[in-house]
Amino acid sequence: MQEKAVMRAAMKARLAALPAARFDEGGRRAAEHLRGTAAWAGARTVLLYLSMDREARCDELITSALADGKAVYLPRVSADDLAFYKADGLDGPWDRGPFGIREPIPEE
């Protein structure tokens with residue numbers, strides 16, 4: 001367990017040293033690549049995530065999927081469970097999960 005904590009801290013430090021533009025560019029490049037695949041073209045439903053700082057941005061991919069008529073589902077953590085909820089856009093409303101991650105609010 002201690003080894004995992006050390007590795008996690010080292011990775012966080014490496015990510016913190018990168019400029020924010022690097023994550024924007026990474027998200028754009030990943031989205032461009034994914035949109036060019038047969039799997040993406042044939043998908044009617046996609047599972048994505050709402051990016052945090054120091055993660056590749058998914059906003060462009062979410063917007064693109066919705067524009068293509070795909071159903072987009074985003075994760076929400078509840079105790080030890082992970083559930084996915086349909087998203088209609090990037091405007092939210094969002095909750096903050098246990099790790100400070102933006103998460104969809106389940107419809108009642």
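I looked up E25 and found it partly exposed, at 36% relative accessibility (buried means under 20% relative accessible area, exposed over 50%, partly exposed in between, with a 1.4 Å probe and protein chains only). R28 is partly exposed as well, with a relative accessible area of 39%. R28 and E25 form a salt bridge, with their closest N and O atoms 3.3 Å apart (a side-chain nitrogen of Lys or Arg within 4 Å of a carboxyl oxygen of Asp or Glu). Both sit in helix α2, three residues apart, so about one helical turn separates them. Helices (H or I, at least four residues) and strands (E, at least two) are DSSP runs, numbered from the N terminus.

**Ground rules.** I have to remember that this is a predicted model, where local features need pLDDT of at least 70 and side-chain atom pairs count only at pLDDT 80 or more, while totals for chains, interfaces and linings use all residues. Residues are numbered from 1 along each chain as its sequence is written, and side-chain values use heavy atoms, with hydrogens and water left out.

How many salt bridges does a search of the whole structure find? I got five. One of them joins the side chains of R35 and E60, at 3.1 Å from N to O. That pair ties together distant parts of the chain, with R35 in helix α2 and E60 in helix α4, 25 residues apart. R35 is partly exposed at 30% relative accessibility, and E60 is partly exposed at 33%.

Next I checked E103, which has a salt bridge with R76, the closest N and O atoms being 3.9 Å apart. Are E103 and R76 buried or exposed? Both are buried. Salt bridges with shared partners join R76, D95 and E103 into one network.

**The core.** I then went for the largest nonpolar core and listed 12 residues, among them W40, L48, I62 and V72 (such a core is a set of buried Ala, Val, Leu, Ile, Met, Phe, Trp, Tyr and Cys residues joined through side-chain atoms within 4.5 Å). Two elements give two or more residues to this core: α4 (59-67) and β2 (71-78). The largest share, three residues, comes from α4.

I also picked V72 and left aside its neighbours within four places in sequence; its contacts include V46, I62, Y85 and A87 (contact means heavy atoms within 4.5 Å).

**Helix α4.** Which residues of α4 are buried? I noted L61, I62, S64 and A65. Seen down the axis of α4, they fall within an arc of 165 degrees, so they line one face of the helix (the arc is that of the directions from the helix axis to the C-beta atoms). These buried residues pack against α2 (20-35), α3 (38-42), β1 and β2. Just after α4, G69 takes a positive phi of about 85 degrees.

A30 is in helix α2 and is partly exposed, at 42% relative accessibility. Its C-alpha atom is 9.0 Å from that of R57, though A30 and R57 are 27 residues apart along the chain. Last, I looked at L47, which lies in strand β1 (residues 45-47) and is exposed, with a relative accessible area of 55%.
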